[in-house]
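Please consult the sequence and the model shown below while reading.

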Amino acid sequence: MRLLISGGGTGGHIYPALALIEALKQKDPTAEVLYVGTKRGLESKIVPDAGIPFKTVEIQGFKRSLSLENFKTIYLFLKSVRDAKKIIKDFKPDVVVGTGGYVCGSVVYAAAKSKIPTMIHEQNSVSGVTNKFLSHYVDKIGICFPDVKKDFPAEKVVFTGNPRAQQVAGIQADNSLLQYGLKPTLPTLLIFGGSRGAEKINQTTLEAVPLFNDRPYQVLFVTGRAHYDKLIKQENAQNLPANVVIQPYIANMPQILPEVAAIVGRAGATSLAEITALGIPSILIPSPYVTNDHQTKNALSLVDSKAAELLPEAQLTSDQLYQRADKLMSDQQYRLQMAENAKKAGVPDAADQLLAVLEQISK
Ligand SMILES: CC(=O)N[C@H]1[C@@H](OP(=O)(O)OP(=O)(O)OC[C@H]2O[C@@H](n3ccc(=O)[nH]c3=O)[C@H](O)[C@@H]2O)O[C@H](CO)[C@@H](O)[C@@H]1O
């Protein structure tokens with residue numbers, strides 16, 4: 001199969017694409033893949049680092065308010081559709097897949113107009129703007145939350161789950177935390193604010209850092225690359241307790257997740273797919289800055305089945321963060337129950353399900 005795939009901006013759209021590529025290559029080692037993203041998104045680092053052929057088109061997102069910038073956006077959209085058509089003509093894909101973020105808008109649209117079979121993957125419980133637009137043109141739409149079906153033409157929708165779930169579920173724990181200076185003997189709490197990091201989570205965690213001193217577990221606090229340099233200069237980061245480690249980014253997240261006892265973090269859809277694939281107890285702090293508050297909806301799908309706890313950002317203080325995290329880390333029985341509930345929501349064969357649909361439409 002020749003697969004052209006596009007998705008970007010943030011990790012939540014990129015990692016499902018990489019997981020799908022990995023599953024395809026395992027099944028069909030002769031498969032050819034091309035990834036199309038933008039120069040500015042996280043994909044321009046993550047995808048070439050993964051050794052996957054990468055091309056770019058130039059595009060930007062629409063501003064929600066009326067703005068002159070939107071004329072530039074329309075111009076760039078039309079230009080990027082032309083550029084994408086050229087990439088498609090050269091690569092000759094059997095199928096084109098979009099995993100979200102505005103870059104896949106022009107790529108998948110160009111493919112549909114070039115009469116190539118197309119599919120989009122919606123990770124969230126509320127449709128993204130780009131996927132809503134593309135849903136009119138594509139052949140199939142893979143979803144991860146049953147609720148989002150109503151945002152799309154029903155006859156195109158297939159429940160597949162998120163391919164990143166299959167990738168993390170297939171990995172054996174191998175003491176990967178050692179490379180971050182953590183002890184394999186202590187339970188580990190991972191704190192992070194999605195793929196880009198989150199200012200408020202970072203600041204409250206930093207304030208809470210001294211409270212974790214001498215607790216019978218360790219903390220891996222991941223700030224996001226853009227926040228690290230500034231944060232690490234602050235006093236609490238300069239005087240870390242022995243059981244707290246701060247990192248800018250974890251490039252090998254699937255390797256470390258099986259060794260993590262609990263997570264405090266955002267409720268991005270791909271993180272939730274990982275949490276449920278592995279059954280990791282979590283306290284979720286949905287981002288208040290996303291379209292239609294979709295992270296709260298993502299989170300509630302787990303909270304309602306006692307598979308995670310909710311901590312709204314409006315209630316987030318260093319004291320709340322520490323108290324809630326410490327309670328979770330101190331009660332193994334509670335963690336086990338939460339883990340079991342989380343696992344029930346997991347889709348550990350999601351990549352295979354998506355590949356089956358791709359095979360069907362590319363025939
Ligand atoms: C602000 C924003 O628009 N967020 C959206 C974005 O979030 P974001 O990109 O933060 O998405 P997710 O939480 O879904 O995914 C983050 C991914 O990055 C990985 N990771 C994270 C940190 C790190 O150090 N290393 C690492 O590998 C995680 O393991 C995960 O695979 O896409 C998600 C999926 O569409 C949406 O649900 C989120 O609402």
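How many of the 10 residues of α12 are buried? The count is 7 of 10, and the helix is mostly covered; a residue is buried if 20 or more other C-beta atoms, placed from the backbone, lie within 10 Å of its own. The model is predicted: local features need pLDDT of at least 70, side-chain atom pairs count only at pLDDT 80 or more, and totals for chains, interfaces and linings use all residues. Residues are numbered from 1 along each chain as its sequence is written.

**Overall architecture**

- The chain contains 15 helices and 13 strands, where helices (H or I, at least four residues) and strands (E, at least two) are DSSP runs numbered from the N terminus.
- Along the principal axes, the C-alpha atoms fill a box of roughly 60 × 45 × 35 Å.
- Buried residues make up 48% of the 363 in the chain.
- Of the contacts with a separation of 6 or more, 69% join residues 24 or more positions apart; two residues are in contact if their C-beta atoms, placed from the backbone, lie within 7 Å.

**Covered helices α11 and α12**

- Helix α11 (residues 269-278) is mostly covered, with 10 of its 10 residues buried.
- The elements covering the buried residues of α11 include α1 (11-27), α6 (163-169), β11 (262-265), β12 (282-284), α12 (294-303) and α14 (332-344).
- Just after α11, G279 adopts a positive phi of about 70 degrees.
- In α12, the buried residues are H294, Q295, T296, N298, A299, S301 and L302.
- Their cover includes α11, β12, β13 (309-310) and α14.

**Packing of α3 with α4**

- The axes of helix α3 (residues 69-91) and helix α4 (residues 103-113) come within 8 Å and cross at roughly 60 degrees; axes are lines fitted to C-alpha atoms, for helices over the stretch in contact, and angles run from 0 to 180 degrees between N-to-C directions.
- The two helices are therefore oblique to each other, since angles under 35 degrees count as roughly parallel, over 145 as roughly antiparallel, 65 to 115 as roughly perpendicular and the rest as oblique.
- F77, S80, V81, A84, K85 and I88 of α3 meet S106, V107, Y109, A110 and A111 of α4.
- This contact of α3 with α4 comprises 8 nonpolar, 2 polar and 1 charged residues; Ala, Val, Leu, Ile, Met, Phe, Trp, Tyr, Cys and Pro count as nonpolar, Asp, Glu, Lys and Arg as charged, and the others, Gly among them, as polar.

**Packing of α1 with α15**

- Helix α15 (residues 350-362) packs on α1 at an angle of about 75 degrees, with the axes 9 Å apart.
- This angle makes α1 roughly perpendicular to α15.
- From α1, A19, L20, A23, L24 and K27 meet A351, D352, L354 and L355 of α15.
- By class, the contact of α1 with α15 has 7 nonpolar, no polar and 2 charged residues.

**A buried loop residue**

- L177 lies in the loop between α6 and β8 (188-192).
- L177 is buried, with 21 other C-beta atoms within 10 Å.
- Leaving aside residues up to four places away in sequence, L177 touches L182, P184, T188, I256 and E259.
- L177 and L220 are 43 residues apart in sequence, and their C-alpha atoms are 9.2 Å apart in space.

Note on methods. Buried ≥ 20, exposed ≤ 12 C-beta atoms within 10 Å, placed from the backbone.
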